[in-house]
Amino acid sequence: MTGADAFNPAERIAANLRARIAAQGPLPVSVFMMEALFDPMAGFYATRDPIGAGADFVTAPEISQMFGELLGLWAAQVWQDMGSPQSCVLAELGPGKGTMMSDMLRAARAVPGFADALKVSLVEASAALKMVQGRTLARAGVPVGWAKSLEALRAGPAIIFGNEFLDCLPVRQAVRVDGQWCERCVSLHPEDESRFAFVTGPVIADDDLFIPDRLRGSPDGTLAELRPGDMQVAEALAARFAADPGYALFIDYGPAISEPGDTLQAIRAHRKVHPLDAPGSADITARVDFEMLARHAKAAGLAVYGPAEQGAFLTGLGIGQRAGALAAAQPEHSEVIARQLARLTSPDEMGTLFKVMAFSAPDMPVPPGLAPFAG
Ligand code: SAH
């Protein structure tokens, strides 16, 4: 970082990236994404609370309390399936504003003994969001703490959630050139060095290449996305659930079957912008490949459930009945509740794009709303 740039937070990430490119050459897409989201001073998540109606994007728990409530009941069911352990970690990866956890805990109180067993543990990269989570959960009535990572969660029985967490783990992109897979990288724009541009980088070594089986023989020009973070999550869960009983459930957007294509997207103030434009000022995500996630999990030794579409999953757990009960209690809000129900479940909105997948050790009961992975 040089000169006046160092003092301008909006320029800090771009200046850092330019310096790294000058020193090391083009950077993998995953490195660009990591810096843009998590630079400790100017990264998108590091500096602000981007979630909510007036902010950059809206997530399912912010649409309606019903989402977290149903997941709370799901958690209570798997807790019973684990033998109702007297002490149980309830963890959330990337809890955002803490809304889903708060709604889950309220619903959890319906099941005797469950809330009393819980120790809540949050894994959050953003200091700004940690503060929001602390405020949201101040009166949750159960102990709430933070852990540095999934691997650092305390030992013991655990139920672990992640909603729109996997999509922000840095993604690598591979492009097929002359029959080989090359790393897609970011460099300076050839006509304007204040901007960034995609370039094709080095060939990816075989032992570092996790191309979905069905894309392996693709023609030149094909782009495949690799998600090293998914494998790390699967391995951490497998290690945990081999020692203590537990379930993990993830909800995110992406296909059930691996598909080729560039899905890197950046959203600023509810608008799509170019992913390389003004790093740090927009949320960058890429869809989750649920087939690869399931394969990583199976390879690590986990039992896999789903994927189910979010709409079908929530409907199976009883979101229709819950919406009916809320509307009956507050008739003046019935239109709003019907609208929220549609946003979460309709195929035109989040209902089919978002998928649900869960994991446990083998030989545990199949969790509610999901079927064993068929692949
Ligand atoms: N689950 C919330 C927030 C989704 S946004 C909701 O549904 O509203 C993604 C969240 O994951 C944010 O809280 C972000 O700061 C966090 N996050 C992303 N990558 C992370 C990482 N590697 N470690 C910890 N938290 C992370």
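The structure holds two cavities of 30 Å³ or more, a cavity being a set of points, on a 1 Å grid over the protein atoms alone, where a 1.4 Å probe fits but cannot get out. This is a predicted model, in which local features need pLDDT of at least 70, side-chain atom pairs count only at pLDDT 80 or more, and totals for chains, interfaces and linings use all residues. Residues are numbered from 1 along each chain as its sequence is written, and side-chain values use heavy atoms, with hydrogens and water left out.

**Cavities**

- About 70 Å³ of space lies in the largest cavity, where a volume is the space filled by probe spheres set on grid points joined across faces, edges and corners.
- The largest cavity is lined by P212, L215, A224, E225, R227, E259, R287 and D289; lining residues have an atom within 4 Å of a point.
- Strand 9 (223-226) and helix 10 (290-300) are the elements that give two or more residues to the lining of the second largest cavity. Helices (H or I, at least four residues) and strands (E, at least two) are DSSP runs, numbered from the N terminus.
- The lining of the second largest cavity comprises four charged, three nonpolar and one polar residue.

**Second largest pocket**

- The volume of the second largest pocket is about 170 Å³; a pocket is an open set of points with protein on both sides within 12 Å along at least five of seven lines.
- Its lining is formed by E11, A14, H189, S194, R195, F196, H274, L276, D277, A278 and P279, of which five are nonpolar, three polar and three charged.

**Ligand surroundings**

- There are 19 residues around the ligand, and F38, T59, G94, E124 and N163 come nearest; a residue is near a molecule if one of its heavy atoms lies within 4 Å of it.
- The shell around the ligand has 11 nonpolar, five polar and three charged residues.
- A polar side-chain atom of E124 is 2.5 Å from an oxygen atom of the ligand, and an N or O atom in the side chain of N163 lies 2.7 Å from a ligand oxygen atom.
- For G96, a backbone N or O atom is 3.2 Å from an oxygen atom of the ligand.
- On its own, the ligand has 570 Å² of accessible area, and the protein covers 92% of that area. Accessible areas come from the Shrake-Rupley method with a 1.4 Å probe.

**Backbone features**

- G306 and P307 are joined by a cis peptide bond, with omega about 0 degrees; P307 lies in strand 14 (residues 303-309).
- A269 is a residue other than glycine with a positive phi, near 45 degrees, and lies in the loop between strand 11 (265-268) and strand 12 (271-273).
- A269 counts as partly exposed because its relative accessibility is 47%: buried means under 20% relative accessible area, exposed over 50%, and partly exposed in between (1.4 Å probe, protein chains only).
- D363, although not a glycine, has a positive phi of about 70 degrees. D363 is placed in the segment after strand 15 (354-360) and is exposed, with a relative accessible area of 80%.

Terms used:
A polar contact is a pair of N or O atoms within 3.5 Å; within protein, one must be able to donate a hydrogen and the other to accept it, and residues adjacent in sequence count only if both atoms are side-chain atoms. Ala, Val, Leu, Ile, Met, Phe, Trp, Tyr, Cys and Pro count as nonpolar, Asp, Glu, Lys and Arg as charged, and the others, Gly among them, as polar.
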